[in-house]
Amino acid sequence: MVRRHVRGWIVGDGPEADVVLGTRVRLARNIKDIPFPGVATPEQLREVVAQCRQAIESLDRASGGPLTFSRMSEIAPLERELLVERHLISPMHTQDVREKALALRDDESVSLMVNEEDHLRLQTLFPGFQLEQALDLADRIDDRLSESLEYAFSERVGYLTAWPTNVGTGLRASVMLHLPALALTGMLQHVLSAVARFGVAVRGLYGEGTESVGNIFQISNQVSLGRSEDEILKHLSNLAREVIAQERAARQRLAADRAALEDRVWRSYGVLRYSRAITSQEAMQRLSDVRLGIDLGIIKGLDHRISKELLVLIRPAHLQSFMGRELSPAERDVHRAALIRERIRLQEAAQA
């Protein structure tokens with residue numbers, strides 16, 4: 001199911017790409033008269049899989065391309081971790097995989113998790129800042145699925161979900177932001193705390209419960225009850241645009257001391273270009289510096305998309321998949337450094 005070469009939002013570009021890495025929209029849905037996955041019996045969960053599979057396989061143009069349906073138990077453990085690293089499934093979906101399933105579009109821009117926290121979680125992933133486009137695709141697929149599935153729905157509150165915060169529209173939209181200048185100028189926590197006061201959640205690279213690495217953060221709506229989808233997206237979009245503006249202003253302030261900024265960027269480039277062993281933590285930070293340098297025109301001959309691609313490829317499951325065997329932490333550090341050197345060399349040669 002998982003291909004060696006990354007695709008979709010990871011290698012694509014989009015609006016506001018200097019700050020926004022990607023956009024995700026997720027809809028949570030449950031089938032009427034069947035208990036939520038956390039309390040359902042194995043027989044009930046199997047019924048959910050059967051109904052969802054039939055509905056998913058009936059999708060045509062609504063999904064924008066064919067979907068591959070697989071039971072999670074049929075996907076090797078390493079491939080499951082690859083899916084997590086590419087943001088296609090949640091870490092929770094890799095646990096106790098009995099009676100769980102996944103449908104994935106070939107370009108990895110659409111995925112549907114069956115029997116995660118809810119019976120069905122549909123997500124769309126777009127590069128750059130494309131909230132409206134991501135929601136439009138998710139809504140079209142959802143409308144088509146609802147022709148075959150009878151959702152648990154209340155006229156008073158909306159869609160019923162396993163978590164109260166998802167009740168209503170069932171919508172969770174998020175924007176993945178690269179904020180190195182705010183971090184370097186000491187303004188990051190101030191800006192993110194201010195945004196959080198307006199009802200959005202701020203999380204790390206892999207969502208809830210994860211820390212930020214490489215100055216990457218996700219901001220998303222916290223509540224879906226009492227607001228329409230359009231209202232949720234407008235609110236999140238306005239806050240995201242404010243953070244984008246603050247990051248760009250911080251980059252201008254950094255550029256005032258050009259020598260110090262260039263020194264930091266080129267030092268990180270040198271580490272990535274020539275190191276023979278590097279930890280994931282250091283690699284993420286160095287990639288953040290280099291991406292900033294590319295976006296500010298300090299580094300020529302590299303496309304900033306290389307940093308987004310490497311953010312995924314240097315993760316443990318991808319490294320072990322490339323090598324075809326389990327690697328110790330020390331071995332991963334060596335192969336991570338080699339992969340980064342190779343990708344930089346190949347792109348520089350292509351740009352020459």
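Visitor: What does the secondary structure of the chain come to?

Guide: In this predicted model, the chain has 11 helices and 10 strands.

Visitor: How do you know that the chain agrees with a compact globule?

Guide: For 352 residues, a compact globule would have a radius of gyration near 20 Å; the chain has 21 Å, so the two agree. Along the principal axes, the C-alpha atoms fill a box of roughly 65 × 45 × 35 Å. Buried residues account for 54% of the chain.

Visitor: Why is H7 called oblique to H8?

Guide: Helix H7 (residues 258-274) packs against helix H8 (residues 280-295) at an angle of about 130°, and their axes are 8 Å apart. Roughly perpendicular ends at 115 degrees and roughly antiparallel starts over 145. The angle of about 130° falls in the rest, which makes H7 oblique to H8. The crossing of the two helices is left-handed.

Visitor: Which residues make the contact of H7 with H8?

Guide: From H7 they include Leu261, Val265 and Leu272, and from H8 they include Ala283, Leu287 and Val290. Charged residues take part too, among them Arg264 of H7 and Glu282 of H8. The contact residues divide into nine nonpolar, three polar and five charged.

Visitor: Is aspartate 96 buried or exposed?

Guide: The relative accessibility of aspartate 96 is 51%, and the cut-off for exposed is over 50%, so aspartate 96 counts as exposed. Aspartate 96 sits in the loop between helix H2 (77-85) and strand E3 (101-105).

Visitor: What is the phi of aspartate 96?

Guide: Aspartate 96 has a positive phi of about 45°, although it is not a glycine. Most residues other than glycine have a negative phi.

Visitor: And glutamate 108: is that residue buried or exposed?

Guide: Buried means under 20% relative accessible area, and glutamate 108 has 3%, so glutamate 108 counts as buried. The residue lies in the loop between E3 and strand E4 (110-114). Glutamate 108 also has a positive phi, near 65°.

Visitor: Which residues of H2 are buried, and what do they pack against?

Guide: The buried residues of H2 are Arg80, Leu82, Leu83, Val84 and Glu85. They pack against E3, helix H9 (305-313) and helix H10 (316-323).

Visitor: How many of the contacts in the chain join residues at least 24 apart?

Guide: Among contacts between residues at least 6 apart in sequence, the share is 71%.

Key
Residues are numbered from 1 along each chain as its sequence is written. This is a predicted model: local features need pLDDT of at least 70, side-chain atom pairs count only at pLDDT 80 or more; totals for chains, interfaces and linings use all residues. Side-chain values use heavy atoms; hydrogens and water are left out. Axes are lines fitted to C-alpha atoms, for helices over the stretch in contact, and angles run from 0 to 180 degrees between N-to-C directions. Helices (H or I, at least four residues) and strands (E, at least two) are DSSP runs, numbered from the N terminus. Angles under 35 degrees count as roughly parallel, over 145 as roughly antiparallel, 65 to 115 as roughly perpendicular and the rest as oblique. A crossing is left-handed if the near helix is turned anticlockwise from the far one by less than a right angle, and right-handed if clockwise. Contact means heavy atoms within 4.5 Å. Buried means under 20% relative accessible area, exposed over 50%, partly exposed in between (1.4 Å probe, protein chains only). The radius of gyration is taken over C-alpha atoms; the globule rule is 2.2 Å times the number of residues to the power 0.38.
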